[in-house]
Amino acid sequence: MENAPAPFRFTAFPFTAAERFQAAARPPAARPATGTYRRHRTIFISDTHLGTAGCKAALLAQFLAANHCDTLYLIGDIIDGWQLRRRWHWNAAHDRVVREILTKAAAGTRVVFVPGNHDELFRPYCGQTVQGIEILADCVHRTANGRALLVTHGDQFDSVIACAPWLAHLGDHAYTLALRLNDAVARARGLFGLSYWSLSLWLKHKIKNAVQYIGRFEEAVARDVKARGLDGVVCGHIHHAAIRQFDGILYCNDGDWVESCTALVEDARGNLEILHWASAFVPRAAPARARIRKAAPLPA
Ligand SMILES: [Mn+2]
């Protein structure tokens, strides 16, 4: 057991005095009225990138407060460890997200954390349970209608990251810049009472290469899952929510909370759908309600 990692302990998150002041000055997230709470069998979220300025932590905390589930899967890139080496960003909204997750775990929700590439620092702790949260390298989720879905972050399918980590980090820097512009646009729209809209998300959808990349990623994941003899997969990583069929394999991606603010939810009968939390969110309007984009009926 000499190679076993030391038990994981929560340590104080690194705050700066300025961040503490900013956090205290912000109003708390609008908490939806009790009647708007939604129950799901399962919620899958990923790519929240807590610790970065791009994380839509206030919306995420609001989503977690308003949506209950039996099982919550946190599918990687939840806390952005890469950011620790640059400028760590943490405020009261980021705190609320952690508190909502821990509250769910304490209240009996099964919470499973599958680390991704940005939070690979948690990978040595796979197999441990911390504060009621199971940390697993990956796992199989069985839906209410009996389908076996692989739950994994998905970075192992990304040839860029697998072959050249420096290329991924370079791309990450360029992306951080796009996200900063994104927040300026969001602030301007907020001043005019417009709903949140993502510049970087729009750009990515417009860029042909990105679309081709997404397609290749989705196919690679589906091929691997088919070879394992499973019915489908739920992953994240590429920040592009989708429910698609590939050659009899169900491919689900729960999106992200940096741009699109999406979650994948399963109801009591095993139906899966993508929940778009941001599109219905208008600043100063309360309570915000999620617009549900109905997925096509899936074979059982
Ligand atoms: Mn990732």
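A crossing of two helices is left-handed if the near helix is turned anticlockwise from the far one by less than a right angle. In this predicted model, helix α2 passes helix α3 in such a left-handed crossing.

Two packed helices are described by the angle between their axes and the distance between the axes. Helix α2 spans residues 57-66, and helix α3 spans residues 92-106. Their axes lie 8 Å apart, at an angle of about 25 degrees. Angles under 35 degrees count as roughly parallel, so α2 is roughly parallel to α3.

The contact draws on residues from both helices. From α2 come A57, A58, L60, A61, L64 and A65. Facing them in α3 are A93, H94, R96, V97, E100 and I101. By class, this contact has 9 nonpolar, 1 polar and 2 charged residues.

Helix α2 is mostly covered, with 8 of its 10 residues buried. The buried residues are A57, A58, L60, A61, Q62, F63, L64 and A66.

In soluble globular proteins, nonpolar side chains tend to be buried together. The largest nonpolar core of the model holds 58 residues. Within this core, L74, V233, V234 and A263 touch the most other members. Helix α2 supplies the largest share of the core, 7 residues. The contacts of V233 reach well along the chain. Beyond its neighbours within four places in sequence, V233 is in contact with L149, L150, T152, V221, V225, Y251 and C252.

Terms used. Residues are numbered from 1 along each chain as its sequence is written. This is a predicted model: local features need pLDDT of at least 70, side-chain atom pairs count only at pLDDT 80 or more; totals for chains, interfaces and linings use all residues. Axes are lines fitted to C-alpha atoms, for helices over the stretch in contact, and angles run from 0 to 180 degrees between N-to-C directions. Helices (H or I, at least four residues) and strands (E, at least two) are DSSP runs, numbered from the N terminus. Angles under 35 degrees count as roughly parallel, over 145 as roughly antiparallel, 65 to 115 as roughly perpendicular and the rest as oblique. Two residues are in contact if their C-beta atoms, placed from the backbone, lie within 7 Å. Ala, Val, Leu, Ile, Met, Phe, Trp, Tyr, Cys and Pro count as nonpolar, Asp, Glu, Lys and Arg as charged, and the others, Gly among them, as polar. A nonpolar core is a set of buried Ala, Val, Leu, Ile, Met, Phe, Trp, Tyr and Cys residues joined through C-beta atoms within 7 Å. A residue is buried if 20 or more other C-beta atoms lie within 10 Å of its own, exposed if 12 or fewer, and partly exposed in between; C-beta atoms are placed from the backbone.
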